[in-house]
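Dear colleague,

Please read them with the model open beside you.

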Amino acid sequence: MSQPTVDIFQNLLNDNPTVFHPTRTAKILQTHWLLMKQYHLLPDQSVQPMPKGDHVLNFSDAEDMLTDANLKNPSDEVVEQELTIADRRQKREIRHLENEIAKWQVLVDHVTGLNSVDFDNQTLAVLRGRLVRYLMRSKEITLGRSTKDNNIDVDLSLEGPAWKISRRQGIIKLRNSGDFYIANEGTRPIYIDGKPILKGQKHKLDNNSVVEITGLRFIFLINQDLINAIRSEAAKIGF
């Protein structure tokens with residue numbers, strides 16, 4: 001019979017209960033038989049011999065017939081357009097960052113040693129930590145912890161763990177007299193040379209003052225030459 005029915009396989013199971021696994025069904029046997037027939041695996045089947053001659057195409061021949069042009073991906077106009085837009089956006093962001101460099105109030109440098117700070121003619125003071133130093137280049141800067149919704153001048157998290165620091169911890173301001181003052185706007189105290197400055201309080205910063213906020217310690221260094229020049233100009237204007 002060329003196509004046995006399910007009933008024939010059921011009879012086969014009934015006649016040979018010890019041969020087949022108990023979970024076998026007539027439908028499973030029929031499916032398995034059809035697969036064996038498809039691949040010429042039945043005892044009464046014979047595999048047809050491969051045709052002889054030069055017209056037989058093997059894998060190597062097919063590989064040689066392929067050209068590099070056939071292997072290249074077809075051009076996708078949508079993808080190319082998206083890449084062009086992304087490239088334009090990145091270039092626009094780069095130009096924006098380049099324009100913002102000149103506006104930065106505070107520059108952050110890595111501390112490379114314990115040598116004294118070399119001031120330039122734009123740096124009023126330096127807040128120097130163990131890992132980084134913050135260059136103060138405007139008369140007022142904010143200190144705290146930068147977040148996605150809160151931008152401040154001096155991000156203290158660059159120095160170390162800052163999760164206890166308020167997002168806006170304080171302000172350092174240079175007065176017209178040439179004196180620096182720090183005001184605490186955060187919930188935790190700021191220690192200046194060991195003295196706690198609580199929220200709402202202000203304290204003068206001298207050269208080499210030690211500023212400590214929740215375990216992060218900094219040295220406040222003043223550009224004396226520039227501050228003296230500012231004081232001289234202020235005295236002339238006041239005179």
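An open sheet of five strands runs in the order β5-β4-β6-β7-β10 with mixed pairing, where strands are DSSP runs of E of at least two residues and helices are runs of H or I of at least four, both numbered from the N terminus, and two strands pair if DSSP finds at least two bridges between them. Its edge strands, each pairing on one side only, are β5 (154–155) and β10 (202–205). Within the sheet, β6 (residues 170–174) and β7 (residues 180–184) are antiparallel over five bridges, and Gly 170 stands opposite Asn 184.

This is a predicted model, in which local features need pLDDT of at least 70 and side-chain atom pairs pLDDT 80 or more, while totals for chains, interfaces and linings use all residues. Residues are numbered from 1 along each chain as its sequence is written, and side-chain values use heavy atoms, leaving out hydrogens and water.

The structure holds seven salt bridges, each a side-chain nitrogen of Lys or Arg within 4 Å of a carboxyl oxygen of Asp or Glu. One of them joins Lys 204 and Asp 179 (3.7 Å, N to O); because Lys 204 lies in strand β10 and Asp 179 in the loop between β6 and β7, the pair ties together parts that are 25 residues apart in sequence. Both residues also belong to a network of salt bridges with Asp 206 and Arg 231. Another salt bridge links Asp 120 with Arg 137, their closest N and O atoms being 2.6 Å apart.

Best regards
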